[in-house]
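Here is a structure to read through questions and answers. Each answer sets a value against a definition and then concludes.

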Amino acid sequence: MRSYSLVAALSLGSTALALRDQFPVNTADEIHVQPLDTVNLNVPPYSSSTEQWRFEEGPPENATGNLIFDTVHSLLQHWPNTRYRNGHNIVPGVIPTGTLLYHGTGRNTIPSEPDWTATDPEHSINFARGSDGNGWHLTLAATRPLKVLYFDGSSAAKISEGTMDTQDLIAWEEVQPERHFDERRRIKDLCRWGKEFGIDGFARMEMDFEIMLCDFTAGVEVVSFLHVQLLPRDENPYLPRLSSPPHLPSPPPSDSDFRIRAFEDMHSGSLQNRQAGIRAFEVMHSGSWHNRYPGDSRIVLDLTGLVSLYDIALAPSLVPVRAGLERWDHRVLGISSNDISKVMRKLTEVISRPHPVNSGIDWKTLIHVIVDRYADRLELMEYLLNFTSSDSQEVLQRAKLSQTQLRVMLTPYLLDSIVVPSAGASGVDALQWASPIFRLCATTHTSVIINQIPFMTPSEHLLLKAVEETTREICRVTTEMWAVGVMSGLDALFPVELNREPDVTQMMNDWKQDIQKLMSWLDWSIWIKCQPGCGPEEMCYLPTWPQNFPRSKRPPPPPPSWDPQNIMDTSEGDYLTEPPAEIEDPFFSFEAPMEEWRKPQPKCIRRLSPYGF
């Protein structure tokens with residue numbers, strides 16, 4: 001069993017080998033990072049100092065290993081990146097050869113400058129709209145691995161609260177929240193910066209994933225460019241209802257106008273309105289396909305080049321910025337100019353690495369294995385401990401059930417040599433007899449891979465530290481809970497003689513607080529779900545942009561250069577201005593309350609007409 005786990009943790013697939021060619025590694029400037037003291041399986045490990053394995057020592061207040069662990073596990077997954085919109089990671093990756101990308105437009109012209117593509121046609125088809133109610137839909141295939149940078153979070157959401165902070169650092173070398181709608185300038189500046197490094201595009205997420213493609217003639221081939229019929233020919237409900245057709249400087253903002261009209265008309269009975277409602281919903285539906293692990297697998301990330309703004313050594317100026325804030329409010333605004341220079345220097349090194357040297361560890365799988373191992377069991381513990389009864393026997397039976405589950409979690413580490421002291425032991429060291437179990441639990445996943453430290457990139461050092469901090473805290477809490485249960489006479493496998501009757505009710509309350517605190521610290525989005533589950537005509541949904549965002553989040557008024565031309569030449573990024581006042585704005589009748597928007601909570605919405613939130 002042990003050999004299988006190590007093989008899984010150390011395996012490197014063919015896709016990762018392809019990534020090496022795109023983003024090779026240079027370790028010349030690495031700084032050695034000392035990992036947690038780990039178990040040598042060939043010698044008795046328990047004679048070493050137990051100071052590091054004391055149960056009363058939790059993670060430091062400003063530790064971010066749990067945040068790095070969770071955001072890395074969440075990469076390219078729609079659900080967690082909708083829940084926490086403000087991304088903190090920039091990750092190099094590739095789009096494999098043969099992958100399809102999609103682009104919708106209102107005219108029969110393939111873009112000659114940087115523009116947006118979707119990974120799902122349900123997303124791009126909404127931009128294929130011309131004056132006759134129909135439009136053009138382009139399908140491209142990658143002819144080689146396309147080199148991309150991925151921004152996590154809801155990085156295509158045009159709001160000023162932090163979704164675009166990491167992009168601003170690259171495009172403009174500072175965070176500029178007031179330019180959250182400046183998408184044309186953004187894509188051009190990003191592509192101009194990336195050209196030196198052979199970057200083909202930038203991956204982002206809103207209702208679904210998209211690629212900001214820098215050159216529609218490089219590394220891609222046209223599969224089809226079709227004139228598609230989306231609406232009845234006699235009328236186009238998405239044309240602005242103005243006395244004279246407006247137009248914008250460079251392409252217009254009719255994408256947001258489209259979504260407004262789709263939701264305005266989704267309840268009406270006409271064919272065109274029913275089709276509009278279907279298409280508007282299906283964008284969200286296609287995004288939901290990528291809600292959970294592995295997420296959108298058409299973008300293959302190279303974690304050995306991870307750049308995280310939760311890295312305290314890289315961006316120490318953000319530590320006081322985050323202090324006292326809930327995670328919903330974490331963002332990159334406030335980073336010092338010195339730290340911006342460090343981030344840009346690290347990013348440049350990552351995407352310029354000349355030689356394919358790294359540890360070969362499959363970090364994505366390793367982190368997922370740990371989440372798989374503990375997520376369901378911790379959730380079950382939370383359920384078991386959410387229990388009250390005035391019947392002492394019922395409380396005792398529930399406590400024994402909970403103790404059994406704790407033992408199940410720790411079974412691989414329950415050494416036969418462990419000696420449980422008498423029940424009368426007390427004081428701060430009363431549970432230290434269980435520290436070898438704590439230590440084994442915390443280090444098993446990393447005890448051998450640390451031998452690869454000489455070959456690790458700086459990003460891999462950060463990942464190792466995040467894994468170690470996370471498993472240490474999980475094992476510290478669960479082992480301590482289990483040991484308390486043993487000392488209270490609840491564990492049939494480790495019987496003890498009790499001097500007095502334990503206070504089981506108080507122990508259950510303490511356990512409940514311990515589990516809640518641990519799960520809050522881990523903050524895994526896998527625990528966020530619709531309860532009760534949704535019916536067959538529904539799907540579970542988190543409020544996202546542009547659907548549901550509050551009225552106060554509306555885009556700024558149109559610029560003075562409002563000047564008409566090519567109103568139907570639209571693309572994914574053209575949310576540059578707010579529709580003119582003459583255009584009704586019923587979309588915002590679906591807005592979420594401010595707190596529900598700030599802290600997205602799951603709810604069931606309909607998959608079939610009549611749609612609604």
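**Reading the model**

I605 is found in strand β12. Strands (E, at least two residues) and helices (H or I, at least four) are DSSP runs, numbered from the N terminus. This is a predicted model: local features need pLDDT of at least 70, side-chain atom pairs count only at pLDDT 80 or more, and totals for chains, interfaces and linings use all residues. Residues are numbered from 1 along each chain as its sequence is written, and side-chain values use heavy atoms, with hydrogens and water left out.

Q: Why is I605 called buried?
A: Buried means under 20% relative accessible area, exposed means over 50%, and partly exposed lies in between (1.4 Å probe, protein chains only). I605 has a relative accessible area of 2%, so I605 is buried.

Q: Which residues is I605 in contact with, leaving aside neighbours within four places in sequence?
A: Contact means heavy atoms within 4.5 Å. By that test the partners of I605 are F281, M284, E537, E538, M539, Y541, G612 and F613. As for L542, its C-alpha is 9.6 Å from that of I605, and the two are 63 residues apart in sequence.

**Disulfides**

Q: What makes C534 and C604 a disulfide?
A: A disulfide is a pair of cysteine sulfur atoms within 2.5 Å. The sulfur atoms of C534 and C604 are 2.1 Å apart, and the pair forms a disulfide. This pair links distant parts of the chain: C534 is in the loop between α16 and β11, C604 is in strand β12 (residues 603–606), and they are 70 residues apart. The angle about the S-S bond is -90 degrees, and the link of C534 and C604 is left-handed.

Q: Why does C604 count as partly exposed?
A: C604 has 28% relative accessibility, so it counts as partly exposed. C534 is also partly exposed, because its relative accessible area is 27%.

Q: How do you know that C441 and C475 are joined, and what does the pair tie together?
A: The S to S distance is 2.0 Å, and a disulfide joins C441 to C475. C441 lies in helix α14 (residues 435–443) and C475 in helix α15 (residues 458–487), so the pair ties together parts that are 34 residues apart in sequence. Both C441 and C475 are buried.

Q: What is the handedness of the link of C530 and C540?
A: The link is right-handed, with 95 degrees about the S-S bond. A disulfide joins C530 to C540, S to S 2.0 Å. C530 lies in the loop between α16 (504–522) and β11 (538–541), and C540 lies in strand β11, so the pair ties together parts that are 10 residues apart in sequence. C530 counts as buried because its relative accessibility is 10%. C540 counts as partly exposed because its relative accessibility is 21%.

Q: How many disulfides does the rule give?
A: The count comes to 4 disulfides. With the bonded cysteines of the chain numbered in sequence order, the pairing is 1-2, 3-4, 5-7, 6-8.

**Helix α11**

Q: What span is expected for helix α11, and what does the helix reach?
A: The expected span is 1.5 Å times one less than the number of residues. Helix α11 (residues 337–351) has 15 residues, and 21 Å is expected. From first C-alpha to last, α11 reaches 21 Å, close to that value.

Q: Which residues of α11 are buried, and what puts them on the same side?
A: The buried residues of α11 are D339, I340, V343, M344, K346, L347, V350 and I351. They cover an arc of only 165 degrees around the axis (the arc of the directions from the helix axis to the C-beta atoms), which puts them on the same side of α11. The face turned away from the buried side of α11 carries the exposed residues S337 and N338.

**Strand β7**

Q: What makes strand β7 largely enclosed?
A: 5 of the 5 residues of strand β7 (residues 209–213) are buried, so β7 is largely enclosed by the rest of the structure. F209, I211 and L213 point one way from β7, and E210 and M212 point the other way.

Q: How do you know that β6 and β7 pair?
A: Two strands pair if DSSP finds at least two bridges between them. Strand β6 (residues 201–205) and β7 pair in the antiparallel sense over 5 bridges. A hairpin joins β6 to β7 through 3 residues. Strand β3 (residues 115–118) and β7 also pair in the antiparallel sense, over 4 bridges.
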